[in-house]
Amino acid sequence: MAAEGGGPELGLRYSRALSLSEVESKQDPETEPYRSKYAARELLKELKAAVGQWAQAGDLEDERAQERRSQHGHWLEKLGVLELQLGINHTETEELSAGEEHLAKCVRVLEPLKLRPGAVSVFIQAENQLGILWAGLEEMEKAQTYLEDAEALYNQYTKEIGTPPLDTHEHFMAEEERLSEQERHKRFEKVYTHTLYYLAQVYKHLDMNEKAAWYCHTTLQRQLQFTRYNPVEWAINAATLSQYYITKQRYMEGRLCLAASSVIFNQVGGVASESSAEESEEERDRRDQLQQKKAEIARCWIKYCLNLLQDARRLLEDDIGELDWDRQEELKIQLRKEEEEKEQGRKSAVLFGSSDTFDLIQSVEEKVSYTYPVDFAEAREVFMVGQNYVQEAKEFFQLDAHVTDHIEVVQDHSALFKALAFFEEDQERRCKMHKRRIDMLDTVYTELNPQYYLLVCRQLQFEIGDTYYEMMELKVSIANRLDELDSHNIKKINHLAQSAIAYYNLFLDSLKNSEKKFPERLDADVVRPALVAKFRIGWLYSKVITSELKTQLENMQQSVDCYRFVVDYCESQPEAAKVMEPELELCAEMATLLPARMEKVRAKLVPFD
């Protein structure tokens with residue numbers, strides 16, 4: 001009987017409801033944003049009333065009921081679909097309580113049938129939607145429960161049943177319109193991929209970061225496998241995931257994510273940097289968005305290279321921050337062994353790509369190492385890759401339009417030079433690298449108005465002061481190896497010392513209040529930088545070379561004042577002493593010793609007064 005099969009009328013009304021909800025709603029006026037959604041809801045409610053009668057018929061006891069009972073499960077499946085669609089409809093119109101009610105009813109109706117091919121996909125989708133709904137309400141544990149249930153059901157069904165299940169909409173299709181088994185399989189896998197994606201978000205919110213990374217990685221891999229993804233969105237998600245791996249020193253996985261991100265992003269057309277006269281405003285906006293995403297991926301590559309260099313330094317440096325030759329040899333041996341083990345483990349890791357993309361991804365990976373560089377040659381290779389991405393990022397993040405982003409890219413460029421300088425044995429060449437840092441930092445600093453970019457100016461003032469300080473230490477080290485200091489070297493050392501002092505003072509002045517007084521209590525985020533700046537100014541004054549005793553005495557007094565400032569502040573603010581442990585002891589010692597030395601200099605001055 002046509003009515004018992006639902007007839008074509010049910011299918012037509014269901015299709016109409018879908019069209020209203022998914023197509024026509026996009027054209028709704030701003031004054032009635034949900035007009036089509038509401039119209040779709042009415043159709044779904046009518047369908048639910050009709051289907052509900054057939055679903056209840058399974059409880060009848062007459063002879064016809066036996067025939068109907070055999071179809072009872074199918075009607076319950078249809079009812080589940082309609083509850084799911086009504087739940088989605090209500091959540092999309094921001095009626096969350098009603099949406100939750102319909103979705104929960106879908107789960108209750110289909111619970112006894114959830115391992116049937118006609119019910120499993122609908123059931124998992126309802127649990128996915130409930131997971132999204134509760135996550136949106138910050139009820140992460142509830143969301144976790146629904147999504148983990150959905151994951152467990154998928155695993156149970158694929159293990160015990162395995163037949164590609166019906167897609168949601170097939171319940172209202174005529175037999176000849178039904179999907180192929182291959183298409184059903186793809187759609188079911190897409191539903192499960194959504195489960196994993198939502199679980200990744202929930203685990204992240206619950207600070208279960210390792211789990212979140214695994215689920216995100218698996219989601220990305222499945223999206224490629226089933227070719228259901230937006231290339232730009234996929235590329236950004238992969239690049240973002242790389243940053244997690246980098247913080248865990250898992251550079252093989254981080255590099256894989258970034259290489260895949262670059263390859264998939266390149267599938268997108270229209271990223272040209274030059275605009276054309278015929279370009280519409282919409283096309284221009286799209287091009288700008290793509291350029292921005294490309295620059296964001298480039299910044300993730302910069303962080304990869306920078307962190308790889310910095311982590312290598314931490315493994316190789318000695319107590320005074322110089323390269324430890326013994327550690328270098330040990331690390332070379334250790335890395336060779338680990339590389340062989342990692343390459344074997346890599347084969348069982350979650351890799352990206354189909355046969356189309358795998359080779360492309362691998363070719364991008366091969367452009368930069370994932371192992372720690374142990375000498376200058378290896379470090380320079382990593383540095384050059386990072387520097388190329390700096391130029392790429394700066395093409396979009398230009399100073400006039402993206403001030404903060406541009407400066408952050410420049411700061412990363414400076415940090416790349418700093419990290420590379422550690423591996424350079426020639427101290428003169430190291431000085432030149434630090435000079436490059438000063439030039440690039442000072443160029444952007446002079447363009448900024450501190451009134452609008454105070455925090456950024458402070459960062460730059462401190463970093464430039466720091467870089468001059470490092471250069472001066474290098475020049476002093478070079479000078480100590482000379483038999484005699486000439487006027488050129490003296491002038492250079494003094495210039496570097498005065499420049500470092502000037503920038504440190506600019507930083508310290510920016511912390512003063514409107515009355516130009518230093519605050520009694522510094523904000524927690526600037527306590528250590530401020531006290532370190534004071535400590536270093538004290539040290540720098542002691543390194544200024546002069547034959548004039550009066551100037552020597554003045555410089556020593558400046559040093560004493562700086563050291564005493566650090567000691568006094570730490571005495572009045574005990575929490576500051578904890579962050580200044582390495583320097584505080586030296587400050588106290590110098591504040592005690594220097595006055596005695598000053599007395600000796602003062603004694604030499606007396607005959608000339």
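**Helix packing and aromatic pairs**

Helix α17 passes α18 in a left-handed crossing. The contact between α17 and α18 is made of 16 nonpolar residues, three polar and four charged. Before I go on, please note that this is a predicted model.

How do we describe such a contact? Two packed helices are described by the distance between their axes and the angle between them. For α17, residues 454-480, and α18, the axes come within 8 Å and cross at roughly 160 degrees. An angle over 145 degrees counts as roughly antiparallel, and α17 and α18 are therefore roughly antiparallel to each other.

Next, the aromatic rings. How many aromatic pairs does a search of the whole structure find? The search gives 25. Take Tyr445 and Tyr503: their ring centres are 6.1 Å apart and their planes stand at 65 degrees, so this pair is edge-to-face. Tyr445 belongs to helix α16, residues 427-445, and Tyr503 to helix α18, residues 487-509. The two are 58 residues apart, so to speak of the chain, the pair links distant parts of it. Are Tyr445 and Tyr503 buried or exposed? Both are buried.

Rings can also form a cluster. Here, ring pairs link Tyr251, Trp301, Tyr304, Tyr372 and Tyr389 into one.

Last, charges over rings. Lys534 lies over the face of Phe565, 4.8 Å from the ring centre. Arg536 has its charged end over the ring of Tyr469, at 4.5 Å from the centre of that ring.

That is the end of my part.

How values were computed
Residues are numbered from 1 along each chain as its sequence is written. This is a predicted model: local features need pLDDT of at least 70, side-chain atom pairs count only at pLDDT 80 or more; totals for chains, interfaces and linings use all residues. Side-chain values use heavy atoms; hydrogens and water are left out. Rings of Phe, Tyr and Trp (its six-membered ring) pair if their centres lie within 6.5 Å; planes under 30 degrees apart count as stacked, over 60 as edge-to-face and the rest as tilted. Helices (H or I, at least four residues) and strands (E, at least two) are DSSP runs, numbered from the N terminus. Buried means under 20% relative accessible area, exposed over 50%, partly exposed in between (1.4 Å probe, protein chains only). A charge sits over a ring if NZ of Lys or CZ of Arg is within 6 Å of the ring centre and within 35 degrees of the ring normal. Axes are lines fitted to C-alpha atoms, for helices over the stretch in contact, and angles run from 0 to 180 degrees between N-to-C directions. Angles under 35 degrees count as roughly parallel, over 145 as roughly antiparallel, 65 to 115 as roughly perpendicular and the rest as oblique. A crossing is left-handed if the near helix is turned anticlockwise from the far one by less than a right angle, and right-handed if clockwise. Ala, Val, Leu, Ile, Met, Phe, Trp, Tyr, Cys and Pro count as nonpolar, Asp, Glu, Lys and Arg as charged, and the others, Gly among them, as polar.
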